[in-house]
Amino acid sequence: MKEDCIFCKIAAGEISSQTIFENEEFRVILDISPAAKGHALIIPKEHYGNIYELPEEMAAKVMILAKKLTGHMTDVLKCDGFNIVQNNGEAAGQTVFHFHMHLIPRYKNDGNQDKLCWNHLELSQEEMKEICQQLRQ
Ligand code: 5GP
Ligand code: ZN
């Protein structure tokens, strides 16, 4: 547990939260400032700052949990879709530096249609090729 980390405290139950799921390794809570009804956060109980620090086994477990929860939440909330968002680093909009995954139910005409999006770059074929070469493993 990291000192002064709000999600460590929430995950440990030291700070109360609206918990929708809990097991040995995770607590899933409702976001205090939801983008939509049912917006939840998957929080590992162990402190990892971001995806770079998250062990692979935990990454796999997070995704499996997200898969289970989105199914369950869709049944209960009758939402029309889901965004899964996971921010890493200030530049990417991360504000709480304890790894978490956002599960955001989406509803037709929920007013967020123009959100959760980005500007589109116009890159030349050359630039695309170069990036592809740099990234290809
Ligand atoms: P980030 O921007 O780091 O990806 O997301 C942090 C999220 O945590 C935000 O959506 C914010 O509303 C939520 N959050 C921050 N503090 C608290 C808190 O004390 N309780 C709950 N339930 N959510 C929080
Ligand atoms: Zn923490």
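Predicted model: local features only at pLDDT ≥ 70, side-chain atom pairs only at ≥ 80, totals over all residues.
Trainee: What makes β3 a mostly covered strand?

Mentor: A residue has to fall under 20% relative accessible area to be called buried. Five of the five residues of β3 do so, and the strand is therefore described as mostly covered. As for the two faces, side chains in a regular strand alternate between the two sides of the sheet.

Trainee: What makes β2 and β3 paired strands?

Mentor: Two strands pair if there are at least two bridges between them. Strand β2 (residues 26–30) and strand β3 (residues 40–44) have five bridges in the antiparallel sense, so they qualify. You can find V28 opposite I42 in β3, and I29 opposite L41.

Trainee: What makes β3 and β5 a pair?

Mentor: The test is again at least two bridges, and β3 and β5 have three, so they count as paired, in the antiparallel sense. I42 takes part here too, with M101 as its bridge partner in β5.

Trainee: Which strands stand at the edges of the sheet?

Mentor: The five strands form an open sheet in the order β1-β2-β3-β5-β4, with antiparallel pairing. At the edges are β1 (19–22) and β4 (81–85): each has a single partner strand, so one side of each has no neighbour in the sheet. On average, neighbouring strands are turned by 20° against each other, direction ignored.

Trainee: What lies across this sheet?

Mentor: Helix α2 (residues 56–77) does, lying across β1, β2, β3, β4 and β5 (101–106), and it runs at about 20° to β5. In the protein as a whole there are three helices and five strands, in the order α-β-β-β-α-β-β-α from the N terminus.

Trainee: Why is T70 called buried?

Mentor: Its relative accessibility is 14%, and the cut-off is under 20%, so T70 counts as buried. T70 lies in helix α2. Leaving aside residues up to four places away in sequence, T70 touches F82, I84 and L103.

Trainee: What makes the backbone of D4 worth a look?

Mentor: Most residues other than glycine have a negative phi. D4 is not a glycine, yet its phi is positive, about 65°. K78 is also not a glycine and has a positive phi, of about 55°.

Trainee: Where is K78, and why is K78 called exposed?

Mentor: K78 is in the loop between α2 and β4. Its relative accessibility of 61% is over 50%, so K78 is classed as exposed.

Trainee: What share of the protein is buried?

Mentor: Buried residues come to 33% of the 137 residues. The protein exposes about 9700 Å², of which carbon and sulfur atoms supply 52%.

Trainee: What are the dimensions of the box that the C-alpha atoms fill?

Mentor: Taken along the principal axes, roughly 50 × 40 × 25 Å. Of the contacts with a separation of 6 or more, 51% are between residues 24 or more positions apart.

How values were computed: Residues numbered from 1 in each chain as written. Chains lettered and ligands numbered in written order. Heavy atoms only, no water. Helix = DSSP H or I, 4+ residues; strand = E, 2+ residues; numbered from the N terminus. Buried < 20%, exposed > 50% of the residue type's maximum accessible area, 1.4 Å probe, protein only. Contact = heavy atoms within 4.5 Å. Areas by Shrake-Rupley, 256 points an atom, 1.4 Å probe, with all protein chains shown as cover. Axes fitted to C-alpha atoms, helices over the stretch in contact; angles between N-to-C directions.
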